[in-house]
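Me: I would like to go through this structure term by term. Please say what each label rests on, and give the cut-offs.

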Amino acid sequence: MASALQDGFGRTIDYLRMSVTDRCDFRCVYCMAEQMTFLPRQQVLTLEELYRLAALFVGQGVRKIRLTGGEPLVRQGIVGLCRRIAALPGLRELVLTSNGSQLERLARPLAEAGVKRLNVSLDSLDPARFRAITRTGELAQVLAGIEAAQQAGFERIKLNTVVMKGRNADEVLDLVGFAVERGLDISFIEEMPLGEVGRSRDEAFCSSDEVRALIERGYALLDSAEQSGGPARYVRLRDHGQTRIGFISPHSHNFCATCNRVRLTAEGRLLLCLGHEHSLDLRGLLRRHPTEDGPVLEAIGKALLRKPQRHEFALHGEVQVLRFMNASGG
């Protein structure tokens, strides 16, 4: 029987977000700077190390793993890694977050490998604005990827939108309409203040309550107690029951009391909280103990006792966490 991981506040940790790379083919304005330096290859966990950690965590009671990046689909060997992780006994679901750029090519192989659900970032339906937000992305490529994902047979597909005033807040209703037409879920996310992106975060901040008010101009909403195993709070559309709308609100509706997750960065740091620098160097432990799991598991258990009770995100003043979102596991 797998033992349950617990932190020092008695919260059960059954969700692991694993970044397989810090690299990305986009340069989204809320995620990273325009000019980025990425990790040298030797500092990134190997596919075998990623699988070993996935197996260790599942053996300790983790039931959900999300693969992230950067952009996970630019990592060579990603489909094979998905297949191996999805087959781990005890894992309830393997899910993945993508910017959509590679989905036209990889959606079906990922579904066949055992990825159950997919989150796809979509911050604008206007090609020029999409390019401005992503700096390098092509909207048509992402839309084709979403279409391919719908044809591939995932159990559920959800769109993720980071809402920013002055950039895309005026598209909230259009984005809901896009999701409704295709029977997709969509989550609206408050911008997280990670990394120095060359501007004050508060100038673009749009709260989840403001987003909900925008949606209610066009749709009747019904509160829901549904959970997807993550931080989103959901509502349903009264007249379009196939679509769920989620709100991820690290500022306005802090969700730390029910936190059930930890993050693994591409370089093997176990982040105990997105809003703090507390971490454990799992890469070093794996490489010092290539055949012994005991020291690794002991270190994980001790580290979880230091997991903070909550983050303290603030919109004003200096950046509190210098680590960019792509380095954290998006």
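**Strands, pockets and burial**

Reply: Strand β6 (residues 115-121) and strand β7 (residues 156-163) run parallel and are joined by five bridges. This is a predicted model, in which local features need pLDDT of at least 70 and side-chain atom pairs count only at pLDDT 80 or more, while totals for chains, interfaces and linings use all residues. Residues are numbered from 1 along each chain as its sequence is written, and side-chain values use heavy atoms, with hydrogens and water left out.

Me: What makes a stretch a strand or a helix?

Reply: Both are DSSP runs, numbered from the N terminus: a helix is H or I over at least four residues, and a strand is E over at least two. The chain has 10 helices and 14 strands.

Me: Why is Arg156 called partly exposed?

Reply: Buried means under 20% relative accessible area, exposed means over 50%, and partly exposed is in between (1.4 Å probe, protein chains only). Arg156 has 30%, so it counts as partly exposed. Lys165, in the loop between β7 and α6 (172-182), has 37% and therefore gets the label partly exposed. Ala144, in helix α5 (residues 139-152), has 24%, so it is partly exposed.

Me: Which residues is Arg156 in contact with, leaving aside its neighbours within four places in sequence?

Reply: They are Lys116, Arg117, Leu118, Asp185, Arg236, Gln242 and Arg244. Contact means heavy atoms within 4.5 Å. In the chain, among contacts between residues at least 6 apart in sequence, 73% join residues at least 24 apart.

Me: Why is strand β4 said to be largely enclosed by the rest of the structure?

Reply: Five of the five residues of β4 (residues 64-68) are buried, and that is why it is called largely enclosed. Lys64, Arg66 and Thr68 point one way from β4, Ile65 and Leu67 point the other way, and all are buried. Over the chain of 330 residues, 58% are buried.

Me: Which strands pair with β4?

Reply: Strand β3 (residues 15-19) runs parallel to β4 and is joined to it by five bridges; here Leu16 stands opposite Ile65. Strand β5 (residues 93-98) pairs with β4 in the parallel sense over four bridges, and Leu67 stands opposite Leu96 in β5.

Me: How do you know that the pairing in the sheet is mixed?

Reply: Strands of a sheet pair through backbone hydrogen bonds, either parallel or antiparallel. β8 and β11 pair in the parallel sense over four bridges, with Ser187 opposite Gly246. β10 and β11 run antiparallel and are joined by five bridges; they form a hairpin with two residues between them. Pairing in the sheet of 12 strands is mixed, and the sheet is open, in the order β9-β10-β11-β8-β7-β6-β5-β4-β3-β12-β13-β14. The edge strands, β9 (221-223) and β14 (279-281), each pair on one side only.

Me: What makes a space a pocket, and how much space lies in the largest pocket?

Reply: On a 1 Å grid over the protein atoms alone, a cavity is a set of points where a 1.4 Å probe fits but cannot get out, whereas a pocket is an open set with protein on both sides within 12 Å along at least five of seven lines. A volume is the space filled by probe spheres set on the points, which are joined across faces, edges and corners. About 180 Å³ lies in the largest pocket. Lining residues have an atom within 4 Å of a point; here they are Thr21, Arg23, Arg41, Val44, Leu45, Val74, Arg75 and Gln76.

Me: How many of the lining residues fall in each class?

Reply: Three are nonpolar, two polar and three charged. Ala, Val, Leu, Ile, Met, Phe, Trp, Tyr, Cys and Pro count as nonpolar, Asp, Glu, Lys and Arg as charged, and the others, Gly among them, as polar.

Note on methods. Two strands pair if DSSP finds at least two bridges between them.
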